Amino acid sequence: MNLFSLNGSGQNHDRSFDRCLKCTACSSQCPVSLVRPDYPGPKQCGPDGERLRLKSPEFMDDALKYCTGCKRCEVACPSNVRIADIIATAKQKYGDNSFKLREFLLSHTDLMGGLTRGSAPIVNKITSLKPTKILMDRGLGIDQRRSFPAYATKSFRSTFKSVASRQEQHARKVSYFHGCFVNFNDPQLGMDLVTVLNAMNIGVRLLQKEKCCGVPLVANGFHDKARANAEFNTSFCEQALESGSERIVSSSSSCSLMLREDYPDMLGVKNEKVQSRISFITRFLAGEFEAGNKPEMKPVNLKVAYHSPCHLIKAGGVLHTLKLLWDIPGLELQQLDSNCCGIAGTYGFKKENYETAQGIGEPLFQQIEESGCDFVVTDCETCKMQVEMSTSKKVLHPVNLLARSLMEE
Amino acid sequence: MIHECLIVGGGLAGLTAGIRCAEAGLKVAVVSGGESALTFASGSIDVLGSIPGQPVVRRPFDAIDCLAELSPGHPYAKIGREKVFQSLGWFHGQMAEVGLELGLASDCRENQWRITAAGSLRPTWLSQPATKAMPWECFHGDGACLQKVVFVNITGFLDFMPELAMCGLKQHPSFRSVAVEHFNINLPLEHGHGATADTMRAPQLASAMGDRDMDILARVLSERVQDAELVVMPACFDPDLGCNRLQKLRQRTGLNIIDIATLPPSVHGLRLHKALRNRFRALGGFLIPGTEVRHGTVDGDRVMSVSTGEDLLSADHFILASGSFFSKGLQSVKESMSDPCSVQEPVFNLDLHSWADQPKDFSSHQFLAPEGQNFVRSGVALNQSGQPMVAGKGLHNLHVSGAVLGGYDPVQECSGGGVAISTGWQAAENVICQVKGQQV
């Protein structure tokens, strides 16, 4: 092997790994490598490993599968190496890409949600039964200790119909990418978002159609499907902006990072027509508040503890959420020490990752129990699932709290 | 909500300033772009160990007077020795509040010795509890209070090199007659999922070791070390705030075991960072991660806001604690190979220490040049009133602390920790004074 020549794909390859100084700041922040010392950490799996994989795919390390894609390494990196993206791409390029039923079921969130339509109570009952859990554990490798998020009896898209017509009364309009979780599991969050934006005299539209943003697809090796969804969603975002919406907002920190940054960076789907106008909801609201469009708020006399999701940190969005929470009168807010919750989307559902996920989250769960808070607040739906399953506290979205401050007596 | 104080930078200087502001009841937030130098730090706080042309410094606070005379632009010279002492004493107390008991010499104005992973002895003021620095008399002059030191590593662990440490230590005059040995201990690494120490960094090794490993360590150490007064191991025992496992190992073996910071990531540095964050949050401060400040807007003698490129952050007062080159608090610019390097402070373009009085070049070709590297001394200059300046004009509500400041050499002087803490504290005191002054 010639150490100075790259294999075929090397020439057009992302070379951000060349900027790595080997400082190990990334490794110091990796939540996985502390709980699983057999995961060599982001420096070795990312920039170091990539250099070798470019020589020969034989250098692909099976341990890459333990990476959760939290991107804390990228936040830590002083040289802007796209460590997590390098690892995600390598997993897809060199990893085992054979079809796996479990990965398919866990990652096709829109398809699974769609199948429960009209039968949510039965599905919820069945998935919470011990025999089902044992069956899924043994047959599929979905850990039986994990609780499944309950499906709502009525999807957000159907619930929204009751308020859709009055949205057009507002002069300003935004389009809402609700994502799978709001649609099938938490329509109330979507309705709260409509309430808050309406109180600010902004109408809410839905995209004519939307598919899963692609986060779980990428995490489970379905890159082609993710790319197809990215093209689908981007074209409907374009359509929405062309027909009078000033912005696309999303209430999920992971969906919005995907729509905005990872479509072009990781999937190679061009979105420059819409990119700058896709916002995570707290970014949009904080901007409106600052520009003077702030609804009248009543005190919310609650003690809450804020957990910042990894992908929101990466997107630089913690600032916006804090700005909103600071503005809610009466709210007693404490910030939890930044610590990944461990679930990382579908990662924590897999049997082989259960212990790792819970181990990563343990310091966070402990902080939450010691905080004496009434509620935990966070921006991410899978963080919510994980915290509700692993602690005694219920979790609210910042938008839920804002809606409360509008409605409370 | 408008913050009374917004701090740019979440390292030692920034969080120290944040803790002091929050303690005084100010609404304060720290904005942080990435990781700070604490990831690489020894976790001990060096205040002042060396002044050019002088013997190694035993009493750091007393030496500040002499330092101030030699280099009037030094950050310590602006603060003065009593305030430097006051700020560091306060810092010691703040860390103790969250359970990190940093060790002082019996005379609290004296330095102590800490051994580094390269086997050198550095004068330090506060030491990590597990590192247990040694009293000054131990290694002063030719004698040493020890007869034998043993370095012990975990077999395969690459970020601690006992042979190197041994050679380094033997070069110290006090160690000429001291026996220095080393050996490795093989561990199964109970929680390592089958991985071996050679693929791990220190924090991973700490989580891979279980009770069984501690049993083996205790047994082998008791068997193999009988007559050494000091056993030095890599810092890989207690990733959290206490030093329980190491303490237990000391009790079980009856040996004087210390653990010292390895190649990064450093368990002791990460511990110090965690203690700082915990204290800051406990006092009601907010830490905003993943948010890099890029520009500042100045109007006359006031900073109006700082910007991330996308967001504006407003506050009454700002503290710049953005660190040195590595943290991007300072940037070096070289237009072409033949041009000399110039240095910039990228957020406000603040005035820097001038090079005019520096006879040497930007850097020396000798990496460990005895006189130090000149670029290390570059950084923000302050005027007579302690204010940073833009084009010679002082800024009223901007305060600067830590490694972004110029006029000192943390490497040569062993002063990085002390400067970060005292200037962070001083910046906070300035803010508190101005805020409370307005309230009266």
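Predicted model: local features only at pLDDT ≥ 70, side-chain atom pairs only at ≥ 80, totals over all residues.

Student: What makes A:C180 buried rather than exposed?

Tutor: Its relative accessible area is 13%, and buried means under 20%, so A:C180 counts as buried.

Student: How do you know that B:C138 and B:C145 are joined by a disulfide?

Tutor: Their sulfurs are 2.3 Å apart, and the cut-off is 2.5 Å, so the pair passes. The structure holds 1 disulfide over all chains.

Student: Why is the disulfide of B:C138 and B:C145 called right-handed?

Tutor: Because the torsion about the S-S bond is about 70°.

Student: And what makes B:C145 partly exposed?

Tutor: B:C145 has a relative accessible area of 41%, which lies between the 20% and 50% limits. B:C138, on the other hand, is buried at 9%.

Student: On to the chain contacts. Why is the link between B:R277 and A:D337 called a salt bridge?

Tutor: The closest N and O atoms of B:R277 and A:D337 are 2.8 Å apart, and the rule asks for a side-chain nitrogen of Lys or Arg within 4 Å of a carboxyl oxygen of Asp or Glu, so the pair qualifies. The rule finds 5 salt bridges across the interface of chain B and chain A.

Key
Residues numbered from 1 in each chain as written. Chains lettered and ligands numbered in written order. Heavy atoms only, no water. Buried < 20%, exposed > 50% of the residue type's maximum accessible area, 1.4 Å probe, protein only.
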